[in-house]
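Welcome! Have the sequence and the 3D view at hand, and let us walk through them together.

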Amino acid sequence: MDRISPLISTSTLLWFIFVLYSFSKVYGNSEGDALNALKVQLSDPNNVLQSWDPTLVNPCTWYHVTCNNENSVTRLELGNASLSGQLVPQLGQLMNLQYLELYGNKITGKIPKELGNLKNLVSLDLYMNQLEGRIPSTLGNLQKLRYLRLHHNTLTGTIPYSLTTISTLQVLDLSYNRLRGHVPVNGSFALFTAMSFYHNPGLKLPVSSSGPIKSMIFLRRRTRMMINLRSIIIACNILSRDEKFYEVYESHLQSSAVEDVK
Ligand SMILES: *[C@@H]1O[C@H](CO)[C@@H](O)[C@H](O)[C@H]1NC(C)=O
Ligand SMILES: *[C@@H]1O[C@H](CO)[C@@H](O)[C@H](O)[C@H]1NC(C)=O
């Protein structure tokens with residue numbers, strides 16, 4: 001027994017060190033590793049990611065990265081940074097991320113479905129890139145999201161209905177893509193006007209108008225309560241000044257028929 005004990009305690013100690021080491025490797029800088037995976041995928045001609053050193057204990061001293069008091073990443077701010085390359089699924093590991101700002105780059109490829117794991121995300125700004133493929137339906141899991149701006153990309157497919165369940169959503173911009181199908185009108189989407197969806201040739205809007213934006217807002221106000229209204233087609237009108245038109249238009253709506261007002 002006397003001989004075995006030191007042997008056991010040495011191996012226990014070694015085991016303990018091994019566990020600690022693996023633990024710190026897996027969890028200690030897992031967020032740094034996730035961000036480094038992104039860095040590796042990106043081409044960075046202006047060296048904005050130069051300070052991203054994966055050997056540091058955490059990424060909190062890296063430029064364009066903000067952490068909370070627990071050294072967990074809350075913001076990633078890389079807008080207008082001339083980055084190209086693709087996003088990585090590892091971004092979905094940044095569990096406390098609130099702001100993901102990657103707008104105005106030349107990022108290609110798909111939006112990783114793993115971004116739906118970012119339960120604390122408030123703002124997802126991937127606009128003005130070259131992203132393609134579908135909007136992942138997993139983004140509907142982002143139940144704290146307030147800003148979702150994906151405009152000016154080449155996204156295809158339909159708008160996932162899951163997005164209508166994000167009750168916190170305040171700003172939605174999906175314009176200038178190649179989305180198709182019907183724009184959802186229920187849930188949080190009741191707030192959004194045609195402006196959120198402009199320039200998607202295959203997309204069918206619930207309200208369509210060639211009138212100026214001011215009038216669109218007016219139409220919106222008038223149609224907000226008309227829950228069953230599927231579409232209004234208004235062509236060749238002078239919408240900006242003619243108050244009489246509005247009255248005619250309103251009575252058309254009250255007869256609750258879908259009308260082609262000419
Ligand atoms: C990003 O670049 C665009 C186009 O050059 C510019 O309009 C915009 O103000 C810039 N945004 C920020 C936050 O710097
Ligand atoms: C909106 O309608 C779609 C399809 O009917 C449904 O899947 C989705 O859950 C609805 N959203 C809300 C917030 O009720």
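## A first look

Of the chain's 262 residues, 42% count as buried, where buried means under 20% relative accessible area, exposed means over 50%, and partly exposed lies in between (1.4 Å probe, protein chains only). This is a predicted model, in which local features need pLDDT of at least 70 and side-chain atom pairs count only at pLDDT 80 or more, while totals for chains, interfaces and linings use all residues. Residues are numbered from 1 along each chain as its sequence is written, chains are lettered from A and ligands numbered from 1 in the order in which they are written, and side-chain values use heavy atoms, with hydrogens and water left out.

The secondary structure comes to four helices and 16 strands. These are DSSP runs, numbered from the N terminus: helices are H or I with at least four residues, and strands are E with at least two. A contact means heavy atoms within 4.5 Å. Among contacts between residues at least 6 apart in sequence, 49% join residues at least 24 apart.

## Helix H2

Helix H2 covers residues 30–41, which makes 12 residues. From its first C-alpha to its last it reaches 17 Å, close to the 16 Å expected at 1.5 Å a residue; the expected span is 1.5 Å times one less than the number of residues.

Which residues of H2 are buried? They are Glu 31, Gly 32, Ala 34, Leu 35, Asn 36, Ala 37 and Leu 38.

## The nonpolar core

In soluble globular proteins, nonpolar side chains tend to be buried together. A nonpolar core here is a set of buried Ala, Val, Leu, Ile, Met, Phe, Trp, Tyr and Cys residues joined through side-chain atoms within 4.5 Å. The largest one has 50 residues, and Leu 76 and Leu 124 touch the most other members. H2, S2 and S3 are the elements that give two or more residues to this core, and the largest share, four residues, comes from H2.

Leaving aside neighbours within four places in sequence, Leu 76 is in contact with Leu 35, Leu 38, Trp 52, His 64, Val 65, Leu 91, Leu 97, Tyr 99, Leu 100 and Glu 101.

## A sheet of six strands

Six strands form an open sheet in the order S2-S3-S5-S7-S9-S11, with mixed pairing; two strands pair if DSSP finds at least two bridges between them. S2 and S11 (171–173) stand at the edges with a single partner strand each, so one side of each is left without a neighbour in the sheet. Neighbouring strands of this sheet are turned by 15° against each other on average, direction ignored. For such angles, axes are lines fitted to C-alpha atoms, for helices over the stretch in contact, and angles run from 0 to 180 degrees between N-to-C directions.

S2 and S3 run antiparallel and are joined by three bridges. They form a hairpin with five residues between them, and Asn 71 in the turn has a positive phi of about 60°.

## A sheet of five strands

Another open sheet has five strands in the order S1-S4-S6-S8-S10, again with mixed pairing. Its edges are S1 and S10 (154–155), each with a single partner strand, so one side of each has no neighbour in the sheet. S1 and S4 run antiparallel, joined by two bridges, and Leu 42 has Gly 85 in S4 as its bridge partner.

## Salt bridges

How many salt bridges does the structure hold? There are three, a salt bridge being a side-chain nitrogen of Lys or Arg within 4 Å of a carboxyl oxygen of Asp or Glu. Arg 149 and Asp 125 meet at 2.6 Å, N to O. This pair links distant parts of the chain, with Arg 149 in S9 (residues 147–149) and Asp 125 in S7 (residues 123–125), 24 residues apart. Arg 149 is partly exposed at 23% relative accessible area, whereas Asp 125 counts as buried at 2%.

Glu 77 bridges to Arg 75, with the closest N and O atoms 3.3 Å apart. Glu 77 counts as partly exposed at 34% relative accessibility, and Arg 75 does too, at 28%. Lys 113 and Glu 114 also meet in a salt bridge (3.4 Å, N to O); Lys 113 counts as exposed at 52% and Glu 114 as partly exposed at 23%.
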